[in-house]
Amino acid sequence: MIELNQVKFRWPGSSTSVIDIERFSIEKGDKVFLKGPSGTGKSTLLGLIAGVSLPDSGDVKVLGQNINHIKGRQRDHFRADHMGYIFQMFNLLPYLSVTENVCLPCHFSKRRKNKALTHSPSLNAEAHRLLSDLQLGNDLINRPVAELSIGQQQRVAAARALIGQPELVIADEPSSALDTDARESFINLLFQECNREKSTLLFVSHDDTLSPLFDQQIELSKINLSSKRL
Ligand SMILES: Nc1ncnc2c1ncn2[C@@H]1O[C@H](COP(=O)(O)OP(=O)(O)OP(=O)(O)O)[C@@H](O)[C@H]1O
């Protein structure tokens, strides 16, 4: 599902690479918990895997496709078709409603739209199914997303990543603003949706109590030569 070879990445203006990974791979269907101290490059690595950032050298392959060799717009399409991304800052569109935000990936990807429609009679119905499983009340679904609490926005971001069952779900600190009960239903839904289509889950968190739930736990410093130099 994911294969990195000799990948180096340096942020503009920085004198050293934040990512320096010789080899790293994740099998299809695996649920992987990625951890490491703050500022060591976890979000940067997720951005490279999603093709949001491009490495200075090396290969990043997702589903056998070398994504740093795909041109800009095609890369955006590839991401929309195959990946659901829960960003640390959510990246929701504040002027759209909750339902509109969740359905958004299906407007960029026919593949995701068709998959969503195999589960529910309409995109809105599928969005509402996911939101209801995430315990987000019906009264909120038509509200502008900016009016929601941070924990509620986090669940909208999760539903948006899961709609249309992408093969790869990338989650960057997705449960940090949730209380214990909401966190449990959040993780359950994430696993249930990923199991349904054998989606791969790459989950970054500082909450170590969640790590035993995953198939694999990876400490970034173990694979990243740059962390070892810090
Ligand atoms: N857009 C950017 N421009 C320049 N430097 C950046 C940018 N984003 C991150 N960095 C730098 O890259 C390093 C790694 O940051 P990153 O966000 O990947 O760490 P992280 O492990 O995800 O941290 P946290 O656990 O706090 O979210 C940091 O030194 C950070 O300052």
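# Notebook: ligand shell and helix packing

I started with the ligand and sorted its shell by class: two nonpolar, seven polar and one charged residues. A reminder to myself that this is a predicted model. Next I listed the names, and the ligand turns out to be surrounded by Trp 11, Val 18, Gly 36, Ser 38, Gly 39, Thr 40, Gly 41, Lys 42, Ser 43 and Thr 44. Trp 11 and Val 18 are the nonpolar residues here, and Lys 42 is the charged one.

**Record check**

An unreviewed UniProt entry carries "domain: ABC transporter" over residues 2–226. For that span I noted 39% helix and 21% strand, and its end C-alpha atoms lie 20 Å apart.

Then I turned to the helices. Two packed helices are described by the angle between their axes and the distance between the axes, and I kept to that scheme.

How do α3 and α6 pack? I found helix α3 (residues 98–108) and helix α6 (residues 150–162) at an angle of about 30 degrees, their axes 7 Å apart. The two are therefore roughly parallel to each other, and α3 passes α6 in a right-handed crossing. From α3, the contact uses Val 98, Asn 101, Val 102, Leu 104 and Pro 105, while α6 brings Val 156, Ala 159 and Arg 160. I counted this contact by class as six nonpolar, one polar and one charged residues.

**Helix α3 against α5**

I stayed on α3 and checked its packing with helix α5 (residues 123–133): the angle is about 115 degrees and the axes are 9 Å apart. So α3 and α5 are roughly perpendicular to each other. This crossing is right-handed. The α3 side supplies Val 98, Thr 99, Val 102, Cys 103 and Cys 106, and the α5 side supplies Leu 123, Asn 124, Ala 127, Leu 130 and Leu 131. By class I have eight nonpolar, two polar and no charged residues for α3 with α5.

**Helix α6 against α7**

Last, I followed α6 to helix α7 (residues 180–196). Their axes come within 11 Å and cross at roughly 5 degrees, which makes α6 roughly parallel to α7. Which residues meet here? Gly 151, Arg 155, Ala 158 and Leu 162 in α6 face Ala 182, Phe 186, Leu 190 and Glu 193 in α7. I logged five nonpolar, one polar and two charged residues for this contact.

Key. Residues are numbered from 1 along each chain as its sequence is written. This is a predicted model: local features need pLDDT of at least 70, side-chain atom pairs count only at pLDDT 80 or more; totals for chains, interfaces and linings use all residues. A residue is near a molecule or strand if its C-beta atom, placed from the backbone, lies within 6 Å of it. Axes are lines fitted to C-alpha atoms, for helices over the stretch in contact, and angles run from 0 to 180 degrees between N-to-C directions. Helices (H or I, at least four residues) and strands (E, at least two) are DSSP runs, numbered from the N terminus. Angles under 35 degrees count as roughly parallel, over 145 as roughly antiparallel, 65 to 115 as roughly perpendicular and the rest as oblique. A crossing is left-handed if the near helix is turned anticlockwise from the far one by less than a right angle, and right-handed if clockwise. Two residues are in contact if their C-beta atoms, placed from the backbone, lie within 7 Å. UniProt positions are given in the numbering used here, feature names are shortened, and annotations may be inferred rather than shown by experiment.
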